[in-house]
Amino acid sequence: MDTAWPHDRDRGKKILGEELNRSLVNTLSAINAILAVGIILIFAFGGGVLLGSSGGLIGLALGFIVAAILCGGLAALCLIEKHLRFIADDTRKRQKSPSPARVEPSIR
């Protein structure tokens with residue numbers, strides 16, 4: 001028989017869900033970086049095959065631009081999520097630790 005309070009079970013599910021979300025965001029961020037490098041290399045290789053040696057540099061530049069457009073937005077969202085995670089963790093830590101008693105100075 002489960003004797004935990006209902007709010008304790010919900011908190012456990014919430015923590016598990018947060019950890020899963022963190023893992024998924026980290027995985028997505030890694031896949032995004034690999035995809036960006038792949039796009040750049042494919043464009044550089046394609047430019048080199050189609051246009052010769054100088055085409056490789058042109059393809060590299062175009063690949064960088066395409067990767068920045070396609071993968072840059074997702075990278076920005078992942079970065080925003082990490083910053084929000086940091087803020088949320090800091091807020092949780094501050095809520096757990098008691099704040100010191102505030103003492104007003106005497107005006108007399």
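Helix H1 (6-51) and helix H2 each put at least two residues into the lining of the largest pocket. Helices here are DSSP runs of H or I, at least four residues, numbered from the N terminus. A caveat on the model: it is predicted, so local features need pLDDT of at least 70 and side-chain atom pairs pLDDT 80 or more, while totals for chains, interfaces and linings use all residues. Numbering starts from 1 along each chain as its sequence is written, and side-chain values use heavy atoms, without hydrogens or water.

Back to the pocket. A pocket is an open set of points on a 1 Å grid over the protein atoms alone, where a 1.4 Å probe fits, with protein on both sides within 12 Å along at least five of seven lines; lining residues have an atom within 4 Å of a point. The largest one has a volume of about 170 Å³. H2 gives the most to its lining, with 5 residues. Among the lining residues are Glu18, Arg22, Asp89 and Lys96. The lining divides into 7 charged, 1 polar and no nonpolar.

Now H2 itself. The helix covers residues 53-96, and its 44 residues should span 64 Å at 1.5 Å a residue; the end C-alpha atoms lie 61 Å apart, which agrees. H2 does have a kink of about 40 degrees, centred on cysteine 71.

What about burial? Buried means under 20% relative accessible area with a 1.4 Å probe, protein chains only. Cysteine 71 counts as buried because its relative accessibility is 4%. Cysteine 78 is buried too, at 6%. Other buried residues of H2 include Gly55, Ala67 and Arg85.

Last item: disulfides. The rule is a pair of cysteine sulfur atoms within 2.5 Å. The count is 0.

Notes
The expected span of a helix is 1.5 Å times one less than its number of residues. The bend at a residue is the angle between axes fitted to the seven residues ending there and the seven starting there. Buried means under 20% relative accessible area, exposed over 50%, partly exposed in between (1.4 Å probe, protein chains only). Grid points are joined across faces, edges and corners, and a volume is the space filled by probe spheres set on the points. Ala, Val, Leu, Ile, Met, Phe, Trp, Tyr, Cys and Pro count as nonpolar, Asp, Glu, Lys and Arg as charged, and the others, Gly among them, as polar.
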